[in-house]
Amino acid sequence: MEKNYREIITKAVCGKGKKFSQSAHTISPLHKPSSILGCWVINHKFRTTYQKDVVVVEGSYDINVWYSYNNNTKTEVVSESVTYRDEIALTIKDKKVISDRLEVYARTLQEPNSLEANVSPNGNKIVVQVEREFIVEVIGETKVRVTVDEDDVIDEDEWEEEIDEAFEDLDSEFLVSEIEE
């Protein structure tokens, strides 16, 4: 029994990747910090590009640090915007992509957040540890080959007869509407 095949062109996930990152950022406050009272990361924005087997995620976020100074007698919040660049290698790749137009989808598994904030060893700056994690998918057009079960394939003449029978059963009055006065 000879198998019959069809080739289907479809959009499919052609590459996937995932990356966890940690970064250390040095924040320069106006005053010499005595202690760190709180730290948070807000306003995360990013964009992605595809570059031969990697997806580049470039983004930014604001780090806000609440600290005390003047021997813990006064407090202030320092805010600094930082940027990052992560290259995420693709682990699943389809080499039979037939289109140059690829779509990249990225989402954060872990939004950037502060792990730790400490006064630097020299005592003038604040060092903040931030973590983030992304998952990316590259979508492209590819060919899929499927086996056709000959028992389920309808002959073209039989198919036309079925269509003709379906049209005969239609109520033509239903399709024409009269304007009521």
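Strand 3 (residues 54-69) and strand 4 pair in the antiparallel sense over 16 bridges, where two strands are said to pair if DSSP finds at least two bridges between them, and where strands (E, at least two residues) and helices (H or I, at least four residues) are DSSP runs, numbered from the N terminus. This is a predicted model, in which local features need pLDDT of at least 70 and side-chain atom pairs count only at pLDDT 80 or more, while totals for chains, interfaces and linings use all residues. Residues are numbered from 1 along each chain as its sequence is written, and side-chain values use heavy atoms, with hydrogens and water left out.

Three strands form an open sheet in the order 2-3-4, with antiparallel pairing. Strand 2 (33-51) and strand 4 (74-89) stand at the edges, each with a single partner strand, so one side of each is left without a neighbour in the sheet. Neighbouring strands of this sheet are turned by 15 degrees against each other on average, direction ignored, with axes taken as lines fitted to C-alpha atoms (for helices over the stretch in contact) and angles running from 0 to 180 degrees between N-to-C directions.

E76 lies in strand 4, and at 22% relative accessibility it counts as partly exposed, a class between buried (under 20% relative accessible area) and exposed (over 50%), with a 1.4 Å probe and protein chains only. Leaving aside residues up to four places away in sequence, E76 touches L30, H31, V65, W66, Y67 and Y69, contact meaning heavy atoms within 4.5 Å. E76 and H31 are 45 residues apart in sequence and 8.8 Å apart in space, C-alpha to C-alpha.

## Aromatic rings and charges

The structure holds four aromatic pairs. The rings of Y67 and Y69 have their centres 6.0 Å apart and their planes at 45 degrees, so the pair is tilted; rings of Phe, Tyr and Trp (its six-membered ring) pair if their centres lie within 6.5 Å, and planes under 30 degrees apart count as stacked, over 60 as edge-to-face and the rest as tilted. Both Y67 and Y69 are buried.

One aromatic cluster is formed by F46, Y61, Y84 and F134. The charged end of R132 sits over the ring of Y84, 4.1 Å from its centre, and that of R145 sits over the ring of Y5, 5.2 Å from its centre. A charge sits over a ring if NZ of Lys or CZ of Arg is within 6 Å of the ring centre and within 35 degrees of the ring normal.

Four strands form an open sheet in the order 5-1-7-6, with antiparallel pairing. Strand 5 (92-93) and strand 6 (103-119) stand at the edges, each with a single partner strand, so one side of each is left without a neighbour in the sheet. Two bridges join strand 1 (residues 4-27) to strand 5, and K16 stands opposite I92 in strand 5.

Strand 6 and strand 7 (residues 126-148) pair in the antiparallel sense over 13 bridges, and A117 stands opposite V128 in strand 7.

## The protein as a whole

The protein has two helices and seven strands, which follow the pattern β-β-β-β-β-β-β-α-α along the sequence. Of its 181 residues, 28% count as buried. Among contacts between residues at least 6 apart in sequence, 76% join residues at least 24 apart.
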